[in-house]
Amino acid sequence: QRQAEEACQQALIQDMQEVAHIGGWEWVAQSDTLAVSQNFCDLLDFPENGKVLLSDFSNRLAGPDSDKLVDYLTIALRSQKDHELELEVDLGDGSCRWVRLVARRVQKDDNQQPVLRGYIQDITSRKASDKEIQDLQERYRLSLLASGLGVWEWNVDEDNLIWDRRTTQLFTDKYRDSVIPIEQALSLASDEDRKTFREILSNLRHGMPNVQTEIDVLLPNGKTRPLRIFAEKFDDDRNEGFRVIGGAMDISDERAQLAAIKDINERFDLTIKSASVGIWDWYDIDGHKAWWSPQTFSLLGYKPDEIPPTLKTIMQLLHPDDLKPVGKVFKEHLSNEKPFIVTCRLKCKNGQYKWFRGTGKAVFDENGQPRRMVGALADIHEVTLSREQLKLAVAEAERANQVKSDFLSNMSHEIRT
């Protein structure tokens, strides 16, 4: 009956080992073999004879792990604690299996050699998951490094900010992970932005799901750095509260670019206004979509967008005698890329026609089809009128000279006769 019970227990232990993917083993000090269970042999593909030579086991370990086994057993023998070791085992068929080796020292008798007992556990799946997590973490780290984005979290319970290295660098120029009390973090912002920062945290605490703003931080060297700060609020089911995770980004280059664009636009507007020139952009020829500068509307006596900025509007404002000449130059430019330069009369808001000089240049696609056209409209009314008046004055002077010449000629004839 005892034998039957022991057999039953052994079978139960074997089943439990198979389910848990573990195998038992025992080693007597200074022995060259391990006493092993059947599941130990099955896990590591050893012959099922109850014994495994230490040398065979060591030879099956991958890379530097082959030198670890004997040292591990020796250390475990001297200790009263359980010892663990993770090993990569070559199964001999080109595949490997990761195992966790656990050992405990057992003293059977004072006169006998000490004994180590333990088990191995298959951790291949866990190792694969760890590797996948490590790859994801590395990819995440490199992505953040490439983007220049810093990540931070607000620990609401302790009221501090957890900064990654990049966030710390953005705020302090020091590259390290940091845990910063809220008040210390606020002190790094400019006086005006400190209030904004407080409002952001307050809004997140009281229900706002996400926020975004721009602040200027004061660096140790006395300079300022503009940052874009954004945060998202998440429910924390584990603690029945919420978490706030956000990011920080240096926008110095963006600010500089916007300032440069603003400067260029101001210079452009001042140049156009001083030259009495309006700009137009027919940016979608197929869709008949266009843009006029405010000066273009002003030259015609209108406020911006008071009339549609379209080609159809221009054709309606053209003097009837100028329709065909302008249309011809326009078509030749789009079809043959000839220069687009016209002098024409346009009807202004007050109902009067004024003289303008129009120029333009089309942009063509790879098939030679026009896709965009940009040009300028200049007020030449006074110049044109002056030129016409000059022509009339010259003609009048020539007529007067002719009358004078005729008079002198007649007088000379009369005197001679």
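Helices here are DSSP runs of H or I with at least four residues, numbered from the N terminus. In this predicted model, helix 5 covers residues 124-147, and Leu142 is found in it.

Leu142 counts as partly exposed because its relative accessibility is 42%, and partly exposed lies between the limits of under 20% for buried and over 50% for exposed. Together with Leu145 and Tyr175, Leu142 forms a nonpolar patch on the surface, and the accessible area of these three residues together is about 310 Å².

## Helix 6 and its buried face

In helix 6, which runs over residues 165-172, the buried residues are Thr167, Thr168, Leu170, Phe171 and Thr172. Seen down the axis of helix 6, these buried residues fall within an arc of 165 degrees, so they line one face of the helix. After helix 6 comes Asp173, which has a positive phi, near 70 degrees.

## The largest nonpolar core

In soluble globular proteins, nonpolar side chains tend to be buried together. The largest nonpolar core of this model has 27 residues, and the members that touch the most others are Trp25, Phe40, Leu44 and Phe57. Among the elements that give two or more residues to this core are strand 1 (22-28), helix 2 (38-44), helix 3 (54-59) and strand 5 (96-106), while helix 4 gives the most, with five residues.

What does Leu44 touch, when residues up to four places away in sequence are not counted? Leu44 touches Phe57, Val89, Leu91, Val99 and Ile120, and also Arg60 and Arg97.

How values were computed
Residues are numbered from 1 along each chain as its sequence is written. This is a predicted model: local features need pLDDT of at least 70, side-chain atom pairs count only at pLDDT 80 or more; totals for chains, interfaces and linings use all residues. Side-chain values use heavy atoms; hydrogens and water are left out. Patches are made of residues with over 30% relative accessible area and no salt bridge: like charges are joined within 9 Å, nonpolar side chains (Val, Leu, Ile, Met, Phe, Trp, Tyr) within 5 Å. Accessible areas come from the Shrake-Rupley method with a 1.4 Å probe; for residues, only the protein chains shown count as cover. A salt bridge is a side-chain nitrogen of Lys or Arg within 4 Å of a carboxyl oxygen of Asp or Glu. Buried means under 20% relative accessible area, exposed over 50%, partly exposed in between (1.4 Å probe, protein chains only). The arc is that of the directions from the helix axis to the C-beta atoms. A nonpolar core is a set of buried Ala, Val, Leu, Ile, Met, Phe, Trp, Tyr and Cys residues joined through side-chain atoms within 4.5 Å. Contact means heavy atoms within 4.5 Å.
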